[in-house]
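Please look over the chain below with its charged side-chain pairs in mind, and then with attention to one of its helices.

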Amino acid sequence: MTVAKETESREPERRQKTETEKKQAEDFDYSAAPPFTIADLRAAIPKHCWVKSTWRSISYLIRDVLVVTILGAAAAYFNNWIVWPLYWFLQGTMFWALFVVGHDCGHGSFSDNQSLNYFIGHIVHSFILVPFHGWRISHRTHHANHGHVENDETWHPVTESLYKKLPFMARLGRLTFPVSLFAFPVYLWVGTPDKGASHYHPESALFLPKERNDVLTSTICWCTMLVLLINFAITIGPMWVLKLYVVPYWLNVFWLALVTYLHHHGYEKKVPWYRGKEWSYLRGGLSTIDRDYGWINKVHHDIGTHVVHHLFPQIPHYHLIEATAAIKPVLGDYYRVPEKSGPLPVHLITTVMKSFSEDHFVSDEGEIVFYQSDPKVSVSNST
């Protein structure tokens, strides 16, 4: 009874502390230059977190491939419309897990053996119709320039002047929820609205001359997978390919775009974007956001642990949580604590819809800028 009374007496104090911490977070200037360096963060991470275990990485790949195979076999065996929707969600989620394996191969965090990284990366990415080297190179650009208004590659903001010039379809594809979350294949073909470069063409502006053979190899692998799918459609029927592969593929695309978007948008307080002398690799990395995906965290190889991944992409996914815990005391208020998820991350639906209704463009001027809203879009989304 005494303990209960003591706990009850401390409750107002705890609430006050929580409210104070929330107020401090609201007042904190995330765009201010941090008092620590990238070297300080690196030194805080235990040495074993940098170690890549090829066999451990392969074990995760085998797990994913087995689950994908079992799901496909089970759906084909039962073949009824009660099973198919569940299969599509689960298999689409697993296709996204395979993408993350290829993502790690692209960063070299799958193994110290680059040839193995490229071999596995081509297999898993070609399977889900992603040109491995084309994507790998543009994703490298994204990491090298994260948080930079003009130089970032993925989901970076457009300036106000460019926004006003965008044709209707480009604006629709960028700002309409959930249309834009299915636009990844279009992005691979034509690039972003302001850069317009294909991930398939060896002569694309995305690539250096020495990278053209790599890009061509990946495009050939992509075409091979497409030919296999067409052959399956001819031999077993288009409806089977649609049910077993096409629908999960599009759910995988949705996952990919949703996760990527949320790691750079949609925090309660606007995320800063930089240009000019205010940008640095460290400040750009600190603009990324960790997210909690509930049960799906482990399925997606902890890709939601995103801040430390952006700062140190060489760290294998199975060390990201420990590495994050190690740098949090150094980051202090610069670390945005993710909202706790239930078993499924349904809380993020509200977050992403709110962001799409508010985050439209940034100013053409200024070295530290934040997303602004188009009143027309904001009004139409709120009615």
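Arg140 is partly exposed, with a relative accessibility of 40%, whereas Glu211 is buried at 5% (buried means under 20% relative accessible area, exposed over 50% and partly exposed in between, with a 1.4 Å probe and protein chains only). The model is a predicted one, in which local features need pLDDT of at least 70 and side-chain atom pairs count only at pLDDT 80 or more, while totals for chains, interfaces and linings use all residues. Residues are numbered from 1 along each chain as its sequence is written, and side-chain values use heavy atoms, with hydrogens and water left out.

**Salt bridges**
- The count is 14 salt bridges, each being a side-chain nitrogen of Lys or Arg within 4 Å of a carboxyl oxygen of Asp or Glu.
- Arg140 and Glu211 form one of them, with their closest N and O atoms 2.7 Å apart.
- This pair links distant parts of the chain, 71 residues apart, with Arg140 in helix 6 (residues 132-144) and Glu211 in the loop between helix 9 (184-190) and helix 10 (212-236); helices are DSSP runs of H or I with at least four residues, numbered from the N terminus.
- Glu358 pairs with Lys354 at 3.1 Å between the closest N and O atoms, and because they lie 4 residues apart in helix 16, about one helical turn separates them.

**Helix 4**
- Helix 4 (residues 83-107) is mostly covered, with 19 of its 25 residues buried.
- Just after helix 4, Gly108 adopts a positive phi of about 80 degrees.

Key:
Helix = DSSP H or I, 4+ residues; strand = E, 2+ residues; numbered from the N terminus.
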